[in-house]
Amino acid sequence: MQIGFSAPTAGPLASADNLTRLATGAEDLGYHYATFSDHVVIPTDIEARYPYSESGEFSTAGNGERNEQLIELAFVAARTSRLRLVTSVMVVPHRPAVLAAKQLATIDVLSGGRLTLGIGAGWMREEFEAIDAPDFDRRGKVTDEYVAAFRELWTKERPKFSGEFVRFDNVVFAPKPAQKAGIPIWVGGESGPALRRTARLGDAWYPIGSNPAFPLDSLARFQAGVEKLRRLAAEAGRDPRSIGLAFRFPRYGAALPDKAGDGERRLFSGAAAAIAGDIRALATLGVGAIDLSFGGDSVAAMLEEMKRFTGEVMAKV
């Protein structure tokens, strides 16, 4: 089981020195990957509902001090040697398709093939409008087409594409990504469209367990989601077992309620032994990677919590 952590993209912990200390410290502790969130701007008035809180409120609304996702990721790549870098997630319509494909390929080459592209279609209409992204109401179609364009550029010697949102021909796109099979694409989201996108386009499904509208807070609920994904993959003509599973948990431990919404045990709640049992059960279902957000108002505090998690939880898996 690979384990990852959420790298800060805002505030004092996202400084160059702190990111370097955190990333290299995580490597030393044996963490496999770091994740990076994606906001270009934070509008001051947000009516869009944030999917991952009960209230729908985006907790950092009004705080515009954020590093650009891909630039921060490239910075961390340059200061590490083993850590994989995961966009968690990149809002695909935020960046023009050909430019994004080039940025991602360059990062993969310069990092020695350590990039994983987590993708999402986005949720904040106001941010789309502020950065002049494509039509928010068509973001799903835009996302699918951009991903197809990425793969065309990454894999074809003479790439060409003629879609509704992306068109190119007679171009040289080099260098290609270092990973010969292409940059792995983890599809974020828990909804029906996200599952269908994973079934058609994804190398892995990458949900978050805390979406109130599509809860995956118990093993039974997650298993039902996996079964639905595998049905959709078979219908799309793909081998369901070829699609990997990764899972994000923003919170864990005694602060979580013991029971999930369906009355079953809430995943990642309780003591270390119980969480280790959850990880073993998820591995049995085919989950190959999990990542968490670790608290602390300093790098030392974050690394100490990460050390405790590996020592108290992962040592029991």
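Predicted model: local features only at pLDDT ≥ 70, side-chain atom pairs only at ≥ 80, totals over all residues.
**Group meeting talk: helices, a cavity and a pocket**

Leucine 85 touches Ala34, Phe36, Leu73, Val76, Ala77, Arg114, Leu115 and Thr116, not counting residues up to four places away in sequence; touching, or contact, means heavy atoms within 4.5 Å.

Residues are numbered from 1 along each chain as its sequence is written, and side-chain values use heavy atoms, with hydrogens and water left out.

Where does leucine 85 sit? Its place is in strand 3. Strands (E, at least two residues) and helices (H or I, at least four) are DSSP runs, numbered from the N terminus. Is leucine 85 buried or exposed? Leucine 85 is buried, with a relative accessible area of 0%. For the cut-offs, buried is under 20% relative accessible area, exposed is over 50%, and partly exposed is in between, with a 1.4 Å probe and protein chains only. Glutamate 57 is 28 residues from leucine 85 along the chain, and their C-alpha atoms are separated by 28 Å.

Now look at helix 2 (69–78). Its buried residues are Gln69, Leu70, Glu72, Leu73, Val76 and Ala77. Seen down the axis of helix 2, these fall within an arc of 160°, so they line one face of the helix; the arc is that of the directions from the helix axis to the C-beta atoms. On the other side of helix 2, Ile71 and Ala78 are exposed. The buried residues of helix 2 pack against helix 1, strand 2, strand 3, strand 4, helix 3 and strand 5.

That brings us to helix 3. Helix 3 (residues 97–110) has 14 residues, which should span 20 Å at 1.5 Å a residue, and its end C-alpha atoms are 20 Å apart, which agrees. The expected span is 1.5 Å times one less than the number of residues. In helix 3, the buried residues are Ala97, Ala100, Ala101, Leu104, Ala105, Ile107 and Asp108. They lie within an arc of 160° around the axis of helix 3, so they line one face of that helix. Against what do they pack? The partners are helix 2, strand 4 (90–91), strand 5 (115–120) and helix 5 (139–155). After helix 3 comes glycine 112, whose phi is positive, near 75°.

On a 1 Å grid over the protein atoms alone, a cavity is a set of points where a 1.4 Å probe fits but cannot get out, while a pocket is an open set with protein on both sides within 12 Å along at least five of seven lines; lining residues have an atom within 4 Å of a point. Grid points are joined across faces, edges and corners, and a volume is the space filled by probe spheres set on the points.

How many cavities of 30 Å³ or more does the structure hold? It holds one. The largest cavity has a volume of about 30 Å³, and Phe5, Ala7, Leu19, Leu22, Ala23, Ala34, Phe36 and Val76 line it. Helix 1 gives the most to that lining, with three residues. By class, the lining of the largest cavity has eight nonpolar, no polar and no charged residues. Here Ala, Val, Leu, Ile, Met, Phe, Trp, Tyr, Cys and Pro count as nonpolar, Asp, Glu, Lys and Arg as charged, and the others, Gly among them, as polar.

The second largest pocket has a volume of about 150 Å³. Of the 13 residues that line it, the closest to its centre are Gln2, Arg84, Thr116, Trp186 and Ala289. Strand 3 (84–87), strand 10 (244–249) and strand 11 (287–292) each give two or more residues to the lining of this pocket, and the largest share, three residues, comes from strand 10. The classes in this lining are eight nonpolar, four polar and one charged.

To finish, helix 9. The buried residues of helix 9 are Val299, Met302, Leu303, Glu305, Met306, Phe309 and Thr310. They cover an arc of only 160° around the axis, which puts them on the same side of helix 9. What covers them includes strand 1 (2–6), helix 1 (16–29), helix 8 (272–284) and strand 11.
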